[in-house]
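Me: Please walk me closely through one part of this model. Start with the strand pairing, then follow it wherever it leads.

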Number of protein chains: 2
Amino acid sequence: MENFEFHRPTSYYFGVGRENEIGSIVKDLDKHKVLLVYGGNSCIKSGLLERVQKSLSSAGVAVVSKGGVVPNPRADLVYELIDLGRKEQVDFVVAVGGGSAIDTAKAAALGIVNDGDFFDFFLKKRQPKDCLEIGVVLTIPAAGSEGSSSAVIQKEIDGHFYKCGLSSNFFVPTFAVMNPELTKTLPAYQTACGTVDMMAHVMERYFTNTPEVSITDRLCEAVLTSIIETVPRVLRDPDNYEVRANVMWAGTLAHNDTCGVGREQDWATHALEHQLSALYDIAHGAGLAVMFPAWMEYTMPHNPMRFAQFATRVFGLSMDFEDPKRTAKAGIAALRSFFKSIGMPLNFADIGAKEEDIPQMLKLLGVDSERTIGHFVPLNRDACEAIYKIAAQYSY
Amino acid sequence: MENFEFHRPTSYYFGVGRENEIGSIVKDLDKHKVLLVYGGNSCIKSGLLERVQKSLSSAGVAVVSKGGVVPNPRADLVYELIDLGRKEQVDFVVAVGGGSAIDTAKAAALGIVNDGDFFDFFLKKRQPKDCLEIGVVLTIPAAGSEGSSSAVIQKEIDGHFYKCGLSSNFFVPTFAVMNPELTKTLPAYQTACGTVDMMAHVMERYFTNTPEVSITDRLCEAVLTSIIETVPRVLRDPDNYEVRANVMWAGTLAHNDTCGVGREQDWATHALEHQLSALYDIAHGAGLAVMFPAWMEYTMPHNPMRFAQFATRVFGLSMDFEDPKRTAKAGIAALRSFFKSIGMPLNFADIGAKEEDIPQMLKLLGVDSERTIGHFVPLNRDACEAIYKIAAQYSY
């Protein structure tokens with residue numbers, strides 16, 4: 001196990017009706033004016049936005065609201081939010097929505113108190129020194145941003161979309177209100193995309209070269225197993241609060257690093273996928289369903305026993321002691337079957353991606369013969385190309 | 001799943017040599033004078049206490065040290081620490097040791113800033129309104145107090161030892177320094193006692209009447225499984241840093257409520273055991289090894305399927321679909337076998353407890369025909385008596 005630091009001070013308010021407590025939560029933090037960031041019309045139609053605004057106002061907290069966050073959230077809106085937040089002198093930012101709203105709120109909270117272009121932080125040109133605090137009312141269990149230290153924002157520069165992530169302790173939300181009721185109206189496709197995202201967050205941590213990490217291995221397997229046993233029930237019975245609650249909490253644990261401390265993590269698949277969702281504006285989870293099994297096929301020979309452990313412990317497959325690689329491959333096949341069973345795409349054709357765009361993906365990825373991504377197997381340009389081709393050519 | 005709040009802001013500094021960072025950690029918290037609480041001579045002999053004092057002094061933090069904490073920590077020392085802390089005007093308390101040192105530090109931190117008898121808080125006569133912050137340098141993975149909101153202190157009143165627990169958000173430590181190297185010198189018996197304590201913390205949460213808690217069930221099973229697969233290796237190979245590290249982190253996760261949120265918890269076995277360790281001054285873990293299987297035998301008929309789940313998922317036993325109770329019983333037997341294999345006692349005789357003292361235990365427990373303990377099965381006086389008798393009469 002590697003040395004680590006773990007600090008996740010987020011206060012979670014989990015359960016029915018908790019969004020009505022947000023006014024008193026923010027007031028107790030001694031904040032007075034909130035920038036409320038949200039996405040489309042669903043939280044207006046459902047009355048959620050109004051409930052949140054009312055709770056804040058009733059507690060004497062002033063509110064400035066702005067919607068318009070889109071999936072794969074854009075820098076353009078962040079700039080607008082920064083201007084608005086500065087003009088209105090807000091002292092706190094609240095996101096109502098899923099990962100896109102939360103990440104937009106994180107970027108705005110950073111930009112409001114730092115001069116210059118906030119995207120420079122995402123391009124790693126400078127380090128954040130200050131940030132407003134952030135609160136969350138979660139409506140989509142998927143990105144795990146409600147408990148994580150990271151955010152991903154996309155910006156068009158010279159005709160190319162750059163999708164960049166930033167991790168900072170400033171980005172760990174102060175609180176997250178999580179009411180599983182709010183997820184009942186999520187369409188099946190979005191629920192499934194969220195599922196893949198959660199599983200990917202665990203798997204990026206699971207495939208590691210760090211030896212002797214029994215406790216976090218077991219935790220990873222626990223979260224994956226719980227997702228696999230509850231999500232099909234959510235899809236069959238979308239109004240079931242209990243299974244929605246399990247999935248929602250699993251999404252937080254998948255990404256708040258409970259499953260990742262003390263071990264080398266990979267994250268190549270997220271980088272590979274970001275180029276797909278940037279180029280084709282597809283859901284991140286859908287792109288991950290295509291890319292993760294492809295990454296697994298390519299990297300499995302590096303450590304077949306780890307893949308066999310995944311197959312047996314997560315999918316309950318029998319270990320083939322004569323040929324562990326057979327078990328390893330069966331685990332990858334089981335993952336693809338699970339993704340397919342919840343309506344996810346499995347290859348380029350399913351998401352409208354084109355094999356001839358691979359050179360462009362590789363360019364945006366910034367890999368070459370020297371510069372690599374990932375840690376389980378460091379992937380240079382050729383390796384990334386090979387993985388994209390597996391994803392393009394997989395047929396079923 | 002039940003509504004819950006979860007807030008665990010402790011900063012963990014985990015790994016080799018982290019105790020040397022304590023000076024800068026405390027300084028960054030803007031604290032200036034620390035009351036350092038420790039137990040016996042082991043941390044003096046090993047040089048740990050000196051390293052901690054030196055790190056603090058080098059950072060410009062003043063230190064007042066006092067040792068003498070004993071297992072099943074006593075109120076007497078807490079009163080002395082309160083007087084010392086007030087006299088010296090300390091603004092922070094650091095425990096160096098295991099659960100006894102941490103719980104003593106917590107009680108002292110509470111008493112220093114509150115007038116009147118600190119034990120009134122433990123007797124639930126009043127509610128804490130303020131408390132000094134607490135830091136930990138952990139040397140014994142067991143009690144989980146480094147990440148928990150609770151403390152247990154024992155006081156002699158009218159010739160009887162009252163062992164009382166108090167849970168408060170004030171008791172969640174601000175930081176915990178966890179260096180697995182420091183646990184290498186723990187005797188096998190103490191390692192084993194710690195193991196039982198950790199497992200009991202998970203099992204108190206596992207046996208619940210709350211339905212549909214897949215995610216926390218899986219997490220409980222993950223922590224238990226990891227403990228069961230690593231502790232025997234620790235006992236065979238006490239100098240193995242890697243397995244020590246897994247056990248140490250498992251001990252924190254077992255009790256910081258990661259495994260317990262959103263579900264009814266039991267805690268009867270802890271109450272039953274506290275009377276044993278109060279009467280005979282035995283290690284808490286040893287008492288739990290005697291009491292937990294006895295509690296299980298008594299309560300199993302309430303929900304055999306939950307015990308069968310425990311048996312199959314934690315101990316890998318085959319499910320007997322014709323008679324799940326057989327699997328449930330086999331799980332309890334497997335737990336006893338595991339305890340025995342790591343050198344733990346299994347009945348009253350093993351710990352020098354006497355069946356004729358049961359009436360006294362029941363009196364201290366404060367149960368009668370109406371007043372019960374526990375939630376999985378609320379236990380009145382007769383039920384508690386029956387469980388003590390199982391523990392007394394079990395033979396192997």
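Reply: In β4(B), B:V63 is the bridge partner of B:V34. Their strands, β3 (residues 33-38) of chain B and β4(B), pair in the parallel sense over 5 bridges. Two strands count as paired if DSSP finds at least two bridges between them. Helices (H or I, at least four residues) and strands (E, at least two) are DSSP runs, numbered from the N terminus. This is a predicted model, in which local features need pLDDT of at least 70, side-chain atom pairs count only at pLDDT 80 or more, and totals for chains, interfaces and linings use all residues. Residues are numbered from 1 along each chain as its sequence is written, chains are lettered from A and ligands numbered from 1 in the order in which they are written, and side-chain values use heavy atoms, with hydrogens and water left out.

Now the whole sheet. It is open, has 7 strands and mixed pairing, and runs β1(A)-β2(B)-β9(B)-β6(B)-β5(B)-β3(B)-β4(B). Its edges are β1 of chain A and β4 (62-66) of chain B, each pairing on one side only. From one strand to the next the twist averages 15 degrees. Angles run from 0 to 180 degrees between N-to-C directions, and axes are lines fitted to C-alpha atoms, for helices over the stretch in contact.

Helices cover this sheet. Helix α3 (residues 48-58) of chain B lies across β3, β4, β5 (92-97) and β6 (134-138) of chain B. It runs at about 175 degrees to β3(B). Helix α5 (residues 99-112) of chain B touches β3, β5 and β6 of chain B. Its direction makes about 165 degrees with that of β5(B). Contact here means heavy atoms within 4.5 Å.

A second open sheet has the order β4(A)-β3(A)-β5(A)-β6(A)-β9(A)-β2(A)-β1(B). At its edges stand β4 (62-66) of chain A and β1 (4-6) of chain B; each has a single partner strand, so one side of each is left without a neighbour in the sheet. Inside this sheet, β6 (residues 134-138) and β9 (residues 175-178) of chain A pair in the parallel sense over 4 bridges. One bridge there joins A:G135 to A:F175. Helix α4 (residues 75-87) of chain A packs on the sheet through β3 (33-38) and β4 of chain A, at about 155 degrees to β4(A). Helix α9 (residues 241-253) of chain A lies across β2 (11-14), β6 and β9 of chain A, and also β1 of chain B. Its angle to β2(A) is about 170 degrees.

How are the two chains related? A rotation of 180 degrees, with 0.0 Å of shift along its axis, superposes chain B on chain A at an RMSD of 0.0 Å. That is the relation of a two-fold axis. In chain B, the C-alpha nearest the axis belongs to B:P9, 1.9 Å from it. The superposition is by least squares on C-alpha atoms of residues with pLDDT of at least 70 in both copies. The copies meet through the same surface, because 100% of the interface residues of chain B are also interface residues in chain A.

That interface puts 41 residues of chain B in contact with 41 of chain A. Together the chains bury about 3,500 Å², 54% of it on carbon and sulfur atoms. Buried area is the accessible area (1.4 Å probe) that two parts lose on being put together, summed over both. In chain B, B:M1, B:E212 and B:I215 lose the most area to chain A, together 16% of what that side buries.

B:E229 forms one with A:R218, the closest N and O atoms being 2.7 Å apart. On the side of chain B that touches chain A, β1, β2 (11-14), α8 (214-236) and α9 (241-253) of chain B each supply at least two residues. α8(B) gives the most, with 11 residues. B:R18 also meets A:E5 in a salt bridge, at 2.6 Å from N to O. B:R18 lies in the loop between β2 and α1 (22-28) of chain B, and A:E5 in strand β1 (residues 4-6) of chain A.

How values were computed: Salt bridge = Lys/Arg side-chain N within 4 Å of Asp/Glu carboxyl O.
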